[in-house]
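Hi everyone, thanks for coming.

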Amino acid sequence: MPFCRYLLAAKWSIAIMLAILLSFGTNQAYANSTASLRWGADANSGAPYVFADPADLSHRIGFEEDIVNAIAQDMHLTPIFVQNNWDSLIPGLQRGLYDVAINGLEITPEHQAVVDFSIPYYTTFEQLVVQRQNARITSLHDLAGLRVGTLKASLAQRILQNYGKADIKTYDVAINAYTDLENGRLDAVLMDAPIAIYYAAPRHDLKFVSGQIGVIQYGIAVAKGNPKLVSQLNAAIEDIIRSGQLHSILQRWNLWNDMTAAQTGDHTTSATPPTSYTAFIQATGTAANHNSKLARYIGFLPLLGRGALMTLEISVLGMAIAVSLGLVLALCRGYMPFPLKTLAGCYVECIRGTPLLIQILFIFYALPDIGVKLDPFLAGMLALGLNYAAYEAENYRAGLQAIPKGQMEAATALNMTKIQSLRYIIVPQAVRIVIPTITNDFISLLKDSSLVSVITMVELTQVYMQLSTTYYDYLVPGIMVACTYLLMGFPFILLARWTERHLAVELDHPMARKRIAPGPGPH
Amino acid sequence: MSEPTLHPGIAPAPAFISVEALYKSFDDTMVLKNINFTMKQGDLVSIIGASGCGKSTLLRCMNFLETLDSGTVSIAGVSVHRANLDTPFDSTLAEAARKLRSKVGMVFQSLNLFPHKTILDNITLAPIIVNGMARAAAEEEAMALLKRVGLQDFAKRYPANLSGGQAQRAAIARALAMSPKVMLYDEPTSALDPALVDDVLNIMRDLNKEGMTQIVVTHEMRFAREASDYIIFMENGEIVEISDEDEIFEHPKDIRTRKFLGHFL
């Protein structure tokens, strides 16, 4: 009996949800262990901060990763990395997702208003970059009326705003700005020097102009009201400055500069070669031959596989919620008395009338304010499920309305209760009608699941972001990710076709089609 | 109209079915006005009249598929009374209607078999889930009913694989499976191919012989005349004439009856 199977699916999805809820209690990243230092950063923020090692993508590297390891070792803590979107690092800190945030966070009055900072672990400046053949631009003052790219909400953006005459274009991803500069869509790019060193310097068509612009100090962010942790961090930073560890880390990453020397009072010269920088340039170099490129792409596969698995998991569970809740909503809307009917209607309209992205962010970041703290996976799954439930409710409603009125009457005439009529007669038929639509919706959900990447989930789209920002290569990873989505969706496309064909045949009711001739006389 | 006299000369036995002062309106349109009649157990009554005269609505009021505005419907000892339109159709009334419905089987013009269930499941579903019957017993009984309507070989088929006449016989078997005291038929043959009509009517004739009380809304005048114990003629939501089947065809009392039957004779 299809409806029983259907109920079974609903029961399963509830069981799985419970299992996740329970396991969430033991989730390592969330366990408040005193022996660990949970640090938040965005592994897709690109080199040289924290990023996937181009030589081995399952491995995370970066100068901040090295600094965290050194500090944690000094503090006798085990560092635990927590992925979060760069934009959300501070909300995540306030929400207690991690103890500290270390990811090129500038010590500015605006930031200090919401979080506390350690002493700086690195001091740098903004670097202006232009096309190699451009002789006109030599400093900030030559930018009047020109298109200048920079990172969203950065110090560079504020410097440009103060200058006031440039046409500012803001970017989320540094590489895109340099690519646009190469392609002539921009006249100049102003960004933090480390980014320029890693993404602009290796490009032959670009050059550095002007001197050091502004002063940027990166500090470790801590949620307000934890002076003890701040002073422990300060002590650890001082320790690694004194021991020369910080100097050699920055040297290895080709980032040591006179500003940092002045800040730390360390004016020695280190003999450490820039090995990490060289390795990065080699691994991402465009000069790589076909074979090594092929090997690189093959190396993407495990990462894509893991991303695809995550996408599939969250989509399947989200859909399980959507089809169960959607049915309840549709039945409330269609068959229940006043309060339930209206509530279900409001739910459907509110959800359909607001963007899924807002709902995801709301569930993850706003609900903790009222005490509902959800694991990112659970939050993403719920957001997708609750959102799609509204659409499925409308599908079911159409399906329920398509059932001839006589079916309900026949069930009533057999003295079935309303619930029995719905359960045995109306719903099973409606479900058959809507299965093809639901299967199609699942394919949409599979794609919409990419939005959960904003709440730290590393699913397929997030993997694409990681690969492309690491390698500077949008084309091949893009095609690979697109193919993975297609491959995942394909079985469901076939399923939709199959159900459309087979269920349609079964429901093709010759009696329902036969029109009733009006008033035939006796023969 | 005055209280109808049924079967002149015979003292009225305690009525098996009685409908008293039944009124029904849809929005502001009165579709049934002061309907009164009684029936004895085992009677087969045909209700005739032009389309839209309220005959189907009357039938549907008798098992509360439509909620009547006011009046009383009594069937096989269960009586449901609604004083007026302001009387809420509350749980008490709904429970009474449900009890009444348990005495009544209904067959629809549009068949309304459940297309997602086999013929056997169509028949056994209500006995199992409503009456709490064991599946094995319900299936045994269903097979007996299918045999009786000549469909024993179709138990595992789906409604879509049956002809209209077969499906209507299955629908009768489905209604009979709930052991009703009264069977109501709402134009049971008007959606059927003329060649298949007799299969259905023969079952009703057989049931009549076995003593089943039956009411049929029909356009089959030949059947009405030959098989009915008496005929109710309706027009504009009122009963115009209740009469012996030959009487109404040979000597219709009312001019409206005469006019209506004139179309057929």
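In strand 10 of chain A, A:Asp192 is the bridge partner of A:Glu126. Strands here, and helices too, are DSSP runs numbered from the N terminus, with at least two residues (E) for a strand and at least four (H or I) for a helix. A word on the source: this is a predicted model, where local features need pLDDT of at least 70 and side-chain atom pairs count only at pLDDT 80 or more, while totals for chains, interfaces and linings use all residues. Residues are numbered from 1 along each chain as its sequence is written, and chains are lettered from A and ligands numbered from 1 in the order in which they are written.

Back to our pair. Strand 10 (residues 188-192) of chain A runs antiparallel to strand 7 of chain A, and four bridges join them. We say that two strands pair if DSSP finds at least two bridges between them. Strand 7 of chain A is also joined by eight bridges to strand 11 (residues 206-218) of chain A, again antiparallel. There, A:Val129 stands opposite A:Phe208 of strand 11 of chain A.

How many of the 10 residues of strand 7 of chain A are buried? Eight are, so this strand, residues 122-131, is mostly covered. Buried means that 20 or more other C-beta atoms, placed from the backbone, lie within 10 Å of the residue's own; exposed means 12 or fewer, and partly exposed is in between.

Now please look at another part of chain A, an open sheet of five strands in the order 4-1-5-12-6, with mixed pairing. Its edges are strand 4 (78-83) and strand 6 (115-117) of chain A, each of which pairs on one side only. Helix 2 (residues 63-74) of chain A packs on this sheet, touching strand 1 and strand 4 of chain A, and its direction makes about 145 degrees with that of strand 4 of chain A. Inside the sheet, strand 1 (residues 36-41) and strand 5 (residues 100-101) of chain A run parallel, joined by two bridges. One of the pairs is A:Gly40 with its bridge partner A:Ala101 in strand 5 of chain A.

In the loop between helix 2 and strand 4 of chain A you'll find A:His76. This residue has a positive phi of about 60 degrees although it is not a glycine. Most residues other than glycine have a negative phi. A:His76 counts as exposed because it has 9 C-beta neighbours inside 10 Å.

Is B:Glu187 buried or exposed? With 23 C-beta neighbours inside 10 Å, B:Glu187 counts as buried.

Conventions: Contact = placed C-beta atoms within 7 Å. Axes fitted to C-alpha atoms, helices over the stretch in contact; angles between N-to-C directions.
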